[in-house]
Amino acid sequence: MKIGIVGLGLIGGSLALDWRSLGHTVLGISRRAETCERAIALGVVDQASPDLALMAEAAVVVLCTPLGAMQATVEALLPHLQPDTILTDVGSVKQPIVAAIAPRWPHFVGGHPMAGTAESGLDAAQRHLFVDRPYVLTPIDSTLPTDLETVAELVRSLQARLYQCPPAAHDRAVALISHLPVMVSAGLIAACLAEPDAAVLQLAQQLASSGFADTSRVGGGNPELGTMMAKYNQMALLHGLHQYRDRLDQLIHYVETQNWPALEALLLQTHQARPQFLP
Ligand code: NAP
């Protein structure tokens, strides 16, 4: 199959590497000519160009640009597609993207691979990024079953765990387990930086080990991506942040009042609940 990837960064490049290694022909688009040349040189794609006309040959096109560029990219892309080209995207927020693109293209299937690293750009692309990771498709009433199945088959070929849900349910769920953690983790790093004693801050940086690496990872990721999550999923994220602030106030109260039994009971509850969020 000829697969088009628009946006050759971490996610677009990683998808291209896997699908190409599975025997598909991958055609890439990126804004900058240097990215296109590098993608060919690295063997990420078979052909690449900043010119969207290249997508006329693709049977499936995957939008992998930052969220803020998707709508304008789609408007520029549609005139180049064959009438039956299937369009999908990898955006981290689904409701506004699906609402904007589905009325414009009947063969659109919203999607979101739940995998990433703290890096961004083509050089961060890697093979097998999606193995055993959730990959959500968000069909709506007008989605054609044959289009959904074509995209689902491509997702399965990545050895990802395929899920389907409505766009709004996706956005509420990922607000809790993806977008809220970015903000909480960013808050953690910012709280450390607020330490007024320079010697203590320096010692903390030297002593930080695996626990801090785990808890700070998503807060130290791509700033543009975090901002776009908040911008496009504002209400669901705010709901999660308010719930988090309530729990934080509760923790502060337990520590201030030295209510160690209540603190331990809460930590027991979270200790028991954590495995339910992990495979
Ligand atoms: P990224 O590494 O920054 O890659 C985006 C790439 O798109 C850039 O390398 C850029 O290359 C290209 N680009 C930017 N604007 C463009 C445009 N107008 N037209 C064509 N190409 C353009 O970002 P990413 O992390 O892969 O994220 C891409 C999408 O995946 C986002 O929508 C995000 O929500 C979603 N996502 C991200 C993650 C994650 O953890 N990172 C996980 C799941 C989904 P040039 O500079 O050459 O244009």
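The following questions and answers examine how the descriptions of this predicted model rest on computed values and stated cut-offs.

Q: How many helices and strands does the protein have, and what makes a run count as one?
A: The protein has 11 helices and nine strands. Both are DSSP runs numbered from the N terminus, a helix being H or I over at least four residues and a strand being E over at least two.

Q: Why is H112 called buried?
A: The relative accessible area of H112 is 5%. Buried means under 20%, exposed over 50% and partly exposed in between, with a 1.4 Å probe and protein chains only; H112 is therefore buried. This residue lies in strand β7.

Q: What makes the pairing of H112 with H170 a polar contact?
A: The side chains of H112 and H170 make this contact at 2.8 Å. A polar contact is a pair of N or O atoms within 3.5 Å; within protein, one must be able to donate a hydrogen and the other to accept it, and residues adjacent in sequence count only if both atoms are side-chain atoms. Leaving aside neighbours within four places in sequence, H112 is in contact (heavy atoms within 4.5 Å) with residues including D89, S92, Y135, H170 and V174.

Q: Why does N233 count as buried, and where is it found?
A: N233 has 5% relative accessibility, so it counts as buried. The residue is found in the loop between α9 (223-232) and α10 (234-256). Its side chain is joined to that of H179 by a polar contact of 3.2 Å. Apart from neighbours within four places in sequence, N233 is in contact with V93, D171, V174, A175, H179 and M228.

Q: Why is H128 called partly exposed, while Q258 counts as exposed?
A: H128 has a relative accessible area of 47%, and is therefore partly exposed. Q258 stands at 55%, so it counts as exposed. H128 lies in the loop between β7 and β8, and Q258 in the loop between α10 and α11 (260-273). Phi is near 65 degrees in H128, a positive value in a residue other than glycine; in Q258, also not a glycine, phi is positive and near 55 degrees.

Q: What makes a set of residues a nonpolar core, and which members of the largest one touch the most others?
A: A nonpolar core is a set of buried Ala, Val, Leu, Ile, Met, Phe, Trp, Tyr and Cys residues joined through side-chain atoms within 4.5 Å. The largest has 36 residues, and I5, L15, W19 and V62 touch the most other members. Elements that each supply at least two residues of this core include β1 (2-6), α2 (33-41) and β8 (134-137), while α1 gives the most, with six residues. Not counting residues up to four places away in sequence, L15 touches I5, V62, C64, V90, F130, Y135 and L158. A second, separate core of 24 residues includes L78, L81, V93 and I97.

Q: How many residues surround the ligand, and what places a residue near it?
A: The ligand is surrounded by 27 residues, the closest being R32, T35, T65, S92 and G121. A residue is near a molecule or strand if one of its heavy atoms lies within 4 Å of it. The shell divides into 12 nonpolar, 13 polar and two charged residues; Ala, Val, Leu, Ile, Met, Phe, Trp, Tyr, Cys and Pro count as nonpolar, Asp, Glu, Lys and Arg as charged, and the others, Gly among them, as polar. The most is given by α3, with four residues.

Q: Which protein atoms lie 2.6 Å from an oxygen atom of the ligand?
A: One is a polar side-chain atom of S92, and another is a backbone N or O atom of G121. A polar side-chain atom of R31 lies 2.9 Å from an oxygen atom of the ligand. Taken alone the ligand exposes 880 Å², and the protein buries 88% of that, by the Shrake-Rupley method with a 1.4 Å probe (for residues, only the protein chains shown count as cover).

Terms used: Residues numbered from 1 in each chain as written. Predicted model: local features only at pLDDT ≥ 70, side-chain atom pairs only at ≥ 80, totals over all residues. Heavy atoms only, no water.
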